[in-house]
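Hi everyone, thanks for making time this morning. Let's look at a structure together, starting with a term we'll want in hand.

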Amino acid sequence: MTRTSMALTLAMLGCVVGCGGKATDAVHIGSTRAAFLGPPSEFRALAPKLETMFGRPVVFRAQPDGEALGQQLALGEIEFAFLSAKEFCEIDNASQLELLATAVNPGGRSSRRAFIITRKDSSIARIPDLAGKRFAYGYRGDLLTDYATRATLKNEGLDASKLATEILPPPLAYDGRLYAGKDAAAKVAIPVLRGDVFPISAGVMDEIEFLKLPATGGNFITGPAQDDFRILAKTMIVPEMVVAVGPQTNRTLAVKMADFLLNQVEKEPVICEQMGVSGFTTADEEQYSLARLLLNQN
């Protein structure tokens with residue numbers, strides 16, 4: 001690679017991940033998603049739509065976490081940010097930020113919960129019965145399938161420290177806890193709950209994923225069904241992704257973005273599919289305040 005082409009590549013990468021200076025004629029949008037060239041995959045259909053709406057180039061700038069995104073918004077280095085609930089709660093002082101919209105998930109809600117499940121033929125009837133038993137969480141550090149799950153166990157009468165300690169190495173187990181990841185149904189939680197791998201007494205599964213299972217008729221070939229399991233508890237709800245705007249963002253841009261998210265994006269199936277949403281609705285700040293309390297407890 002020549003010195004000129006190398007410099008060009010680095011310059012392009014800087015624009016993508018947000019390492020370069022701000023181009024004043026562009027609208028800058030932050031997230032924790034990064035891509036080598038162009039917008040991240042979640043926003044590839046969204047970017048050209050926004051460019052047409054704003055009449056300006058749109059640049060997606062990646063940041064390592066929610067706190068960094070909050071700082072960039074406050075400084076005016078980015079106009080908007082797409083943040084998960086956890087990322088938003090990582091911002092120490094979000095009082096300067098405005099919440100434009102909250103994502104609506106495929107279940108038609110702006111929040112989600114998870115089910116703590118066991119086999120239908122299990123002798124475990126209540127959460128306290130899990131003391132000393134093995135348990136499968138979702139993602140390590142996930143607001144719903146880790147933090148909210150542990151809080152729910154405690155609220156139902158069982159401190160998570162009373163569960164059996166795992167000795168498996170990462171990425172399966174961290175801090176003595178077993179994590180199944182996003183595809184808990186296919187990879188770990190449901191197969192092991194059925195006894196297909198090794199005995200686990202209970203686990204957690206996102207409600208939306210659980211309801212994708214057939215209601216009945218599960219088997220070893222097609223996979224399990226909902227009626228193969230008993231729901232021991234439902235976790236507290238956590239809000240979905242939020243779109244925030246900084247205090248220095250041009251108000252005309254902010255109004256255009258809010259109108260697009262709240263009134264138009266649901267008519268754009270490709271955009272919604274890539275972002276994993278069915279649309280957006282007005283943000284409920286109280287939900288994010290409760291999520292912040294949950295995060296601070298862990």
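By buried I'll mean under 20% relative accessible area. One word of caution as well: this is a predicted model.

With that cut-off, phenylalanine 60 counts as buried, because its relative accessibility is 5%. Phenylalanine 43 is buried too, with a relative accessible area of 4%.

Now, the structure holds 8 aromatic pairs. In one of them, the rings of phenylalanine 43 and phenylalanine 60 have centres 4.9 Å apart and planes at 10 degrees, so this pair is stacked. Where in the chain do the two partners of the pair sit? Phenylalanine 43 is in the loop between E1 and helix H2 (46-54), while phenylalanine 60 belongs to strand E2, 17 residues apart.

Another pair, phenylalanine 135 with tyrosine 137, is edge-to-face, at 4.9 Å centre to centre and 70 degrees between the planes. Both of those residues are buried, and ring pairs link Phe135 and Tyr137 with Tyr174 and Tyr179 into a cluster.

Let's move on to the sheet. Its 6 strands run in the order E2-E1-E3-E13-E4-E14, making an open sheet with mixed pairing. At the edges are E2 (58-62) and E14 (279-281), each pairing on one side only. From one strand to the next, the twist averages 25 degrees.

Helix H3 (residues 66-75) packs on this sheet, touching E1, E2, E3 and E13, and its direction makes about 165 degrees with that of E3. Helix H9 (residues 251-264) packs on the sheet as well, and its direction makes about 15 degrees with that of E4.

Finally, back to E2: strand E1 (residues 27-31) pairs with E2 in the parallel sense over 5 bridges, and histidine 28 stands opposite valine 59 in E2.

Technical notes
Residues are numbered from 1 along each chain as its sequence is written. This is a predicted model: local features need pLDDT of at least 70, side-chain atom pairs count only at pLDDT 80 or more; totals for chains, interfaces and linings use all residues. Side-chain values use heavy atoms; hydrogens and water are left out. Two strands pair if DSSP finds at least two bridges between them. Helices (H or I, at least four residues) and strands (E, at least two) are DSSP runs, numbered from the N terminus. Axes are lines fitted to C-alpha atoms, for helices over the stretch in contact, and angles run from 0 to 180 degrees between N-to-C directions. Contact means heavy atoms within 4.5 Å. Rings of Phe, Tyr and Trp (its six-membered ring) pair if their centres lie within 6.5 Å; planes under 30 degrees apart count as stacked, over 60 as edge-to-face and the rest as tilted. Buried means under 20% relative accessible area, exposed over 50%, partly exposed in between (1.4 Å probe, protein chains only).
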